[in-house]
Amino acid sequence: MAGRLHRYRIAVTWTGDRGRGTAGYRAYERAHLIEAPGKPPIKGSSDPAFRGDPACWNPEELLLASLSACHKLQYLHLCAEAGVVVTAYRDEAEAEMAEEGRGGRFIGATLRPQVVIRAGCDVERARTLHHEAHAHCFIASSVNFPVACEPVIREA
């Protein structure tokens, strides 16, 4: 492998034992904490469709959030290098997961960044930088499903 190696460590602790462990499918909660040193914990659960707590983040949402955030970070970096001044960015991303027997898999995701750039900046350059950002996104390069990007760019 060429280049630098980066290592990431987190801890996921199951907090859903109701006193009976996994004695039965309905005997336990899907609750867990995601932790890393120096950061606030994230309360997690499974998707509500799988008996999870809808008030907590589930792994599927976190994967989609990772795709969206990685794209945004790459995009802002490229814009800064290209002289395209971004003043606002919001992505309303979606993904689909198909259940297959006892498992499932993501079959696609769509990022929908709404980007505001400073007046006078090149709108078309701002749009094409999304394609470049996608090509450089670490997370998108690591998943085995298509990730589309449908940006909307407007000047402030």
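1. Arg 51 sits in the loop between strand 3 and helix 1. In this predicted model, Arg 51 has a phi near 70 degrees, a positive value in a residue that is not glycine.

2. Please look next at strand 2, where the side chains alternate.

3. Strand 2 has partners on both counts listed here. With strand 1 (residues 11-14), strand 2 pairs in the antiparallel sense over 4 bridges, and Thr 13 stands opposite Leu 33 there. Strand 2 also runs antiparallel to strand 3 (residues 42-44), joined by 3 bridges, with Ile 34 opposite Ile 42.

4. The turn between strand 2 and strand 3 deserves a look too. These two strands form a hairpin with 6 residues between them, and in the turn Gly 38 takes a positive phi of about 80 degrees.

5. A second hairpin is made by strand 5 and strand 6, with 2 residues between the strands. Gly 101 has a positive phi near 65 degrees in this hairpin. The strands, residues 94-100 and 103-111, run antiparallel and are joined by 7 bridges; Glu 96 stands opposite Gly 108 in strand 6.

6. Which residues make up the largest nonpolar core? There are 12 in all: Tyr 75, Leu 78, Cys 79, Val 84, Tyr 89, Val 115, Ile 117, Cys 121, Ala 126, Leu 129, Ala 133 and Ile 153. Helix 1, strand 7 (113-117) and helix 2 (123-136) each supply at least two residues of this core. Apart from this core lies another, of 10 residues, including Leu 64, Cys 70, Leu 111 and Val 147. As background, nonpolar side chains in soluble globular proteins tend to be buried together.

7. Setting aside neighbours within four places in sequence, Leu 78 is in contact with Leu 129, Glu 132, Ala 133 and His 136.

8. Val 84, another member of the largest nonpolar core, lies in the loop between helix 1 and strand 4 (86-91). Why does Val 84 count as buried? Its relative accessibility is 5%, and buried means under 20%. Not counting residues up to four places away in sequence, Val 84 touches Cys 79, Ile 117, Cys 121, Asp 122, Arg 125, Ala 126 and Leu 129. Val 84 and Arg 118 are 34 residues apart along the chain, and their C-alpha atoms are separated by 7.6 Å.

9. Finally, the largest pocket, which holds about 710 Å³ of space. Its lining comprises 21 residues, and Tyr 8, Ile 10, Lys 39, Ser 66 and Ile 139 lie nearest its centre. Strand 2 (32-35) and helix 1 (59-82) each contribute at least two residues to the lining; helix 1 gives the most, with 8 residues. By type, the lining residues divide into 15 nonpolar, 3 polar and 3 charged.

Note on methods: Residues are numbered from 1 along each chain as its sequence is written. Side-chain values use heavy atoms; hydrogens and water are left out. On a 1 Å grid over the protein atoms alone, a cavity is a set of points where a 1.4 Å probe fits but cannot get out, and a pocket is an open set with protein on both sides within 12 Å along at least five of seven lines; lining residues have an atom within 4 Å of a point. Grid points are joined across faces, edges and corners, and a volume is the space filled by probe spheres set on the points. Ala, Val, Leu, Ile, Met, Phe, Trp, Tyr, Cys and Pro count as nonpolar, Asp, Glu, Lys and Arg as charged, and the others, Gly among them, as polar. Two strands pair if DSSP finds at least two bridges between them. A nonpolar core is a set of buried Ala, Val, Leu, Ile, Met, Phe, Trp, Tyr and Cys residues joined through side-chain atoms within 4.5 Å. Buried means under 20% relative accessible area, exposed over 50%, partly exposed in between (1.4 Å probe, protein chains only). Contact means heavy atoms within 4.5 Å.
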